[in-house]
Amino acid sequence: MARIRRCYTSGLTKGGADMFAENLPGFPDNIRPSSSGGYWIVMSAIRPNPGFSTIDFVAERPWIKKIVFKLLNQETVMKLVPKYSLVLELNEDGSYKRSFHDPHGMVVAHPSEAHEHDDYLYLGSFRSPFICKLNLKDI
């Protein structure tokens, strides 16, 4: 679940797939190109390292997930997910280039979208009525 598979849509490997990135520190939500030729990966939730990950545990047991979502509504479940925000920039080969962390979700909680434009990284969240604008030159 905390991995990205690359699917080829053209060229000699059309129809094929391979593992682009594995054992990520969180669960990828959206992938967008970066100006450096790599990719911005927004993590919808993080995985504790080291430690027990409830999301990893439940992902391997879909019957538990069904029970949880029958007993609790989405709003209640979201309150249980840590507000730790994480955005990664990966190179074209899937290796780490840089990362931006917001351990308490004070700037943007639960990011779901990243878009780079004119040396700024814009972050959006389905949980927030605003977008975050990061100046990449200052970081």
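Analyst: **Cysteines, then the largest pocket**

Cys 132 has a relative accessible area of 8% and is therefore buried (under 20%; exposed is over 50% and partly exposed in between, with a 1.4 Å probe and protein chains only). Cys 7, at 57%, is exposed, and the disulfide count is zero, a disulfide being a pair of cysteine sulfur atoms within 2.5 Å. The model is predicted, so local features need pLDDT of at least 70 and side-chain atom pairs 80 or more, whereas totals for chains, interfaces and linings use all residues. Numbering starts from 1 along each chain as its sequence is written, and side-chain values use heavy atoms, without hydrogens or water.

A pocket is an open set of points on a 1 Å grid over the protein atoms alone, where a 1.4 Å probe fits, with protein on both sides within 12 Å along at least five of seven lines; lining residues have an atom within 4 Å of a point. The largest pocket holds about 690 Å³, the space filled by probe spheres set on points joined across faces, edges and corners. Among its 24 lining residues, Thr 54, Ile 55, Phe 69, Val 77 and Val 81 are closest to the centre. At least two lining residues come from each of β3 (26-33), β4 (39-46), α1 (54-59), α2 (62-71) and α3 (74-80), elements that are DSSP runs numbered from the N terminus (helices H or I, at least four residues; strands E, at least two).

Of these strands, β3 and β4 run antiparallel over seven bridges (pairing requires at least two DSSP bridges), and Phe 27 is partnered by Ala 45 in β4.
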